[in-house]
Amino acid sequence: MTISYEDFKKLDLRVAKIESVEAILGKTKIVKGIVDLGSEKRSVIIGGAEFYQPEDLVGKTVIVVANLEPKKLAGIESNAMLLAADVNDKPYWLTVDADVPTGTKIK
C-alpha cells in the first residue's frame with residue numbers, strides 16, 4: 001500500500017528524549033514513559049518491556065509520532081508513539097544522534 005505525499009506530510013514526526021520509565025503493575029509487555037519534546041513533556045506507553053529494563057530506555061533520543069490520537073492503555077493515556085524496527089517481535093527503537101535537539105521535526 002502506498003500513501004500520498006500529502007498524507008505523509010500530516011505526520012508530525014519529532015525527536016524526543018525518554019526522561020523516565022516505570023513499570024505498570026500487572027503488565028509485563030508495556031511500561032509508562034515520559035518523553036521530552038522540547039516544548040512539552042508527554043506520557044507514552046512503551047511496548048517491548050519484556051526485552052528491556054526501564055533504565056535501558058532512559059536517556060535514549062528517539063523518534064516519535066507526536067500527532068497520533070491519544071489512546072488509553074492499562075488505564076494510562078499515551079500521547080505519542082515511539083517508532084521502532086520490529087525484528088522477531090522485538091522492538092529496536094529508532095534513535096538519532098544525541099546532539100539533535102528535542103522537538104526537532106523530522107521531514
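**Reading a sheet, a patch and a pocket**

Guide: Strand 4 and strand 7 run antiparallel and are joined by two bridges. In this pairing, Val65 stands opposite Met81 of strand 7. The model is a predicted one.

Visitor: In what order do the five strands of the open sheet lie?

Guide: The order is 3-2-1-4-7, and the pairing is antiparallel. The edges are strand 3, residues 41-47, and strand 7, residues 81-82, each of which pairs on one side only.

Visitor: How many bridges pair strand 1 with strand 2?

Guide: Six bridges pair strand 1, residues 13-23, with strand 2, residues 30-36, in the antiparallel sense. The two strands form a hairpin with six residues between them, and Gly26 in the turn has a positive phi of about 85°.

Visitor: How many bridges join strand 1 to strand 4?

Guide: Strand 1 and strand 4 run antiparallel and are joined by five bridges. In strand 4, Ile63 is the bridge partner of Val15. Lys17 can be followed across both pairings: Lys17 stands opposite Thr61 in strand 4 and opposite Asp36 in strand 2.

Visitor: How do side chains alternate in a regular strand?

Guide: The general idea is that they point in turn to the two faces of the sheet. In the present case, Thr61, Ile63 and Val65 point one way from strand 4, while Val62 and Val64 point the other way.

Visitor: Are these residues of strand 4 buried or exposed?

Guide: All of them are buried. Because five of the five residues of strand 4, residues 61-65, are buried, the strand is largely enclosed by the rest of the structure.

Visitor: In which strand is Leu82 found, and does Leu82 count as buried or exposed?

Guide: Leu82 is found in strand 7. The relative accessibility of Leu82 is 9%, so this residue counts as buried, the cut-off being under 20%. Leu82 and Val15 are 67 residues apart in sequence, and their C-alpha atoms are 9.8 Å apart in space.

Visitor: Which residues form the nonpolar patch on the surface?

Guide: The patch is formed by Met1, Ile3, Tyr5, Phe8 and Leu11, which together have about 640 Å² of accessible area. Ile3 lies in the segment before helix 1, residues 5-9. The relative accessibility of Ile3 is 51%, so Ile3 counts as exposed, for which the cut-off is over 50%.

Visitor: How is empty space found by rolling a probe over the atoms?

Guide: A probe the size of a water molecule, rolled over the atoms, shows where empty space is left. Here the largest pocket holds about 260 Å³ of space. There are 17 residues lining this pocket, and the closest to its centre are Ile45, Leu73, Ser78, Ala80 and Met81.

Visitor: Which elements give two or more residues to the lining of the largest pocket?

Guide: They are strand 3, strand 5 (71-73), strand 7 and strand 9 (90-93). The largest share, three residues, comes from strand 3.

Definitions and conventions
Residues numbered from 1 in each chain as written. Predicted model: local features only at pLDDT ≥ 70, side-chain atom pairs only at ≥ 80, totals over all residues. Heavy atoms only, no water. Pairing = 2+ DSSP bridges. Helix = DSSP H or I, 4+ residues; strand = E, 2+ residues; numbered from the N terminus. Buried < 20%, exposed > 50% of the residue type's maximum accessible area, 1.4 Å probe, protein only. Patch = residues over 30% accessible without salt bridge, like charges linked within 9 Å, V, L, I, M, F, W, Y side chains within 5 Å. Areas by Shrake-Rupley, 256 points an atom, 1.4 Å probe, with all protein chains shown as cover. Salt bridge = Lys/Arg side-chain N within 4 Å of Asp/Glu carboxyl O. 1 Å grid on protein atoms, 1.4 Å probe; cavity = no way out; pocket = protein on both sides within 12 Å on 5 of 7 lines; lining within 4 Å. Points joined across faces, edges and corners; volume = space filled by probe spheres on them.
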